[in-house]
Amino acid sequence: MVLEATMICIDNSEWMRNGDYSPSRFQAQADAVNLICGAKTQSNPENTVGVLTMAGKGVRVLVTPTSDLGKILACMHGLEIGGEMNLAAGIQVAQLALKHRQNKKQQQRIIVFAGSPIKHDKKSLEMIGRKLKKNSVALDIVNFGEDDEGKMEKLEALLAAVNNNDTSHIVHVSAGPNALSDVLMSTPIFTGDGEGGSGFAAAAAAAAAAGGVSGFEFGVDPNLDPELALALRVSMEEERARQEAAAKKAAEEASKQEKGGEEQSSSQEATMTEHASGGTSEADNKKNDLSDDDNALLQQALAMSMDEPASSHDLQDMEMPDVAADDPELALALQLSVQDSTKDSSSQTDMSKLLADQSFVSSILASLPGVDPNDPSVKEVLASMQSQSEKQDEDKATEEEEK
Amino acid sequence: MSAAESTTAIQRSQVDLLDFIDWSGVECLNQSSSHSLSNALKQGYREDEGLNLESDADEQLLIYVPFTQVIKLHAIVIKGSEEEGPKTVKLFTNKEHMGFSNVNDFPPSDTAVLSPDNLKGRPVVLKYVKFQNVRSLTIFIEDNQSDSETTKIQMIALYGSTVETTDMKGLKKIEEH
C-alpha cells in the first residue's frame with residue numbers, strides 16, 4: 001500500500017523484433033507493462049504510473065505519471081520499433097518526470113526494461129545510480145533479451161549504486177516457454193516488496209494458468225475469498241476492454257482515410273486537454289494517424305501539455321484554415337484576433353483573398369441554412385468586403401512603393 | 001566572553017524549538033538508513049554522542065523541517081566531529097520539497113560556515129530579519145570540514161521563539177497595569 005509514482009522505461013529498439021519471447025520481445029514487454037500498471041493501481045488507488053520509450057529517435061515520454069489506466073493502455077498502441085536504446089538518457093528523463101509529479105508525497109520509482117546491449121560504461125551507470133539514491137528514487141531493472149558480455153555486470157553495478165535498504169531490485173528473465181509477464185509476477189517488482197500487490201499477482205496467475213480446479217468461474221470460491229474473486233474478475237474485464245480497444249482500432253484504421261482533416265483537428269483537441277474524457281477512443285485516433293505531419297503535431301501537443309509555450313502559435317495557425325472554411329464571420333473574427341496577436345500579414349491576405357473570391361463566398365453562403373445569396377443585404381455585405389480587400393491591396397501596393 | 005554572551009542570549013528570550021517541529025513532515029535527502037535524521041534532531045538521541053546523522057551517496061545533505069506554527073528563528077546549533085562535521089550550511093525558509101537540483105536556484109536566507117568552535121556547540125546566530133516568519137526550514141549541508149566522503153552530524157538544535165507566544169506575553173503585561 002505504499003504511495004508511489006512509477007515511471008516505466010520501455011526498450012523499443014531494433015533488438016525487440018526477436019521472437020525468442022513469444023510472440024515477440026516487444027509484445028511480451030507491452031504485456032508486462034500492462035500488468036505492472038494494473039498491479040500498481042490496485043495496490044493503492046492514488047498510485048500513478050507513467051511510460052516512456054528509450055529507443056527510436058530519442059527518449060520520448062508517452063504519458064506522464066497518471067492513475068488513469070486507460071490512458072496508459074492506449075499509449076502502448078502503435079509504438080514503433082527501431083533505433084538503439086539510450087539507457088542513461090532514459091533514466092534521467094524518468095527522474096525528471098518523477099520530480100515534477102503532482103503529489104509530492106509519493107515515493108519515486110523507475111522500472112527499466114533492458115532488452116538490448118548497453119553502450120554506457122560501468123562508471124557512468126554507477127554515477128547515475130548514486131544520483132538516484134541521493135534523490136531517494138528506487139530502481140527496478142528487468143534484464144531480458146540480448147545478453148552480451150558485461151551487460152549483467154553493468155546492471156548489477158547500477159543496482160548496487162542505487163539500492164537503499166533493498167527497495168531496488170533486478171530480475172533476469174531468460175527466453176523460454178514462460179511468458180515475460182508470468183515470470184515477473186512472482187518477483188518483488190510486482191509484489192511491491194512483499195505486501196499489497198501480491199493479491200493481484202496471485203489472481204492474475206490463477207487466471208493465466210487456466211486453472212479450473214473447482215467448478216467456480218475463476219477457480220476461486222467467492223465465499224471463501226471474495227477479494228481474490230473480485231480481483232480476478234477485474235483483470236478479466238481489463239483484458240476484455242483492451243481487446244475491444246484493439247478491435248476498435250482495427251475498425252478505425254479502415255475508415256481513417258475518409259475522415260482525413262477532421263480527425264486531425266479533433267485529435268489535436270483531444271491531446272490538448274489534460275485528461276480527455278473517453279480518452280481511449282480519441283487517443284486511439286491520435287495513435288492511428290501515423291503520418292509525419294501528425295507525428296510533428298503530436299510532439300507539439302505533448303510539448304504543450306508539458307507547458308512549453310513556444311509551440312502554441314503553430315497550432316493556432318493550423319486550426320484556422322479548417323474553421324474558416326465553415327463560417328466566414330468566424331473567419332473574420334479569427335482574422336482580427338490573428339492581427340492582434342501575431343501581426344502576420346501574409347495570412348491576412350490569404351483570408352481576404354478567400355473572402356474576396358465572390359463565387360467561393362456565395363457558395364458558402366448558399367450552404368448556410370436561412371441565408372439567401374440573392375438577398376440585397378447579403379449582397380451589400382459582400383460588396384463591402386470586396387472593396388475592403390481591394391483597399392488593403394492598394395495600401396500594400398503603396399507601402400511597397402514607398403520602400 | 002562572546003561564547004558566554006551568546007549562550008545567555010539563548011536562555012533569555014529563546015526557546016528550543018523542538019516542541020514545535022511537525023514530525024510527520026520532516027524529511028532528509030541522502031541520509032544513510034542506519035544513521036538517520038532522528039539521531040540528530042530528537043530529544044535523547046541527539047545528546048548521545050554515539051548516534052550520528054550520516055550522509056549516504058556523497059557528502060551533501062538536504063534536511064526539511066516543517067513547524068506546527070509560525071516561528072522566529074534566532075540561532076542554530078550544529079554539533080559534529082572536527083573532520084567530518086559540516087562546513088557550509090545554507091538555510092532556506094518556507095520552501096517546500098526542495099531537491100539537490102534546485103537548491104542553487106534560490107538565494108539562501110542565510111549561509112553559515114561552521115568553525116570547529118561551532119561544531120563543539122557554539123550557536124550560530126542568524127540574520128534576525130530573514131527569519132521572522134518561518135513555517136518550514138530547509139537545511140542544505142554543502143560540504144564538510146575535511147572534504148571526506150560522508151558528513152556526520154551529532155546534533156542539530158534550533159533556537160527561537162514562536163509568534164503566538166510573544167503575543168500572549170504582551171497581553172499579560174497590559175493586564176498588570
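Begin by selecting Asn39(B), which sits in helix H2, residues 38–41 of chain B; what is on screen is a predicted model. With a relative accessibility of 8%, Asn39(B) counts as buried, because the cut-off for that class is under 20%.

Keep Asn39(B) selected and show its surroundings, leaving aside the neighbours within four places in sequence: the residues in contact with Asn39(B) are then Ser34(B), Tyr45(B), Arg46(B), Leu51(B), Asn52(B), Leu53(B) and Gln154(B).

Next, move to chain A and select helix H4, residues 122–134. This helix has 13 residues, and the distance from its first C-alpha to its last is 18 Å, close to the 18 Å expected at 1.5 Å a residue. Colour the buried residues of H4(A), which are Leu125(A), Ile128(A), Gly129(A), Leu132(A), Lys133(A) and Lys134(A).

What do the buried residues of H4(A) pack against? Within chain A they meet helix H3 (87–99), strand E4 (107–114), strand E5 (137–143) and helix H5 (151–162), and from chain B they meet strand E2 (27–29). Beyond the helix, select Ser136(A), which follows H4(A) and has a positive phi, near 50°.

Now display the two chains together, where 9 residues of chain A are in contact with 10 residues of chain B. The chains bury about 860 Å² between them, with 48% of this area on carbon and sulfur atoms. Select Lys104(A), Lys133(A) and Lys134(A), which supply 55% of the area that chain A buries against chain B, more than any other three residues.

Of these lysines, Lys133(A) is the one to centre on, as Lys133(A) forms a salt bridge with Asp56(B) whose closest N and O atoms are 3.5 Å apart. The count of salt bridges between chain A and chain B is 2, and 4 residue pairs are in polar contact across the interface, both residues of each pair being at pLDDT 80 or more. Finally, select the side of chain A that touches chain B: H4(A) gives the largest share of this side, 3 residues, and the residues there divide into no nonpolar, 4 polar and 5 charged.

Key. Residues are numbered from 1 along each chain as its sequence is written. Chains are lettered from A and ligands numbered from 1 in the order in which they are written. This is a predicted model: local features need pLDDT of at least 70, side-chain atom pairs count only at pLDDT 80 or more; totals for chains, interfaces and linings use all residues. Side-chain values use heavy atoms; hydrogens and water are left out. Helices (H or I, at least four residues) and strands (E, at least two) are DSSP runs, numbered from the N terminus. Buried means under 20% relative accessible area, exposed over 50%, partly exposed in between (1.4 Å probe, protein chains only). Contact means heavy atoms within 4.5 Å. The expected span of a helix is 1.5 Å times one less than its number of residues. Buried area is the accessible area (1.4 Å probe) that two parts lose on being put together, summed over both. A salt bridge is a side-chain nitrogen of Lys or Arg within 4 Å of a carboxyl oxygen of Asp or Glu. A polar contact is a pair of N or O atoms within 3.5 Å; within protein, one must be able to donate a hydrogen and the other to accept it, and residues adjacent in sequence count only if both atoms are side-chain atoms. Ala, Val, Leu, Ile, Met, Phe, Trp, Tyr, Cys and Pro count as nonpolar, Asp, Glu, Lys and Arg as charged, and the others, Gly among them, as polar.
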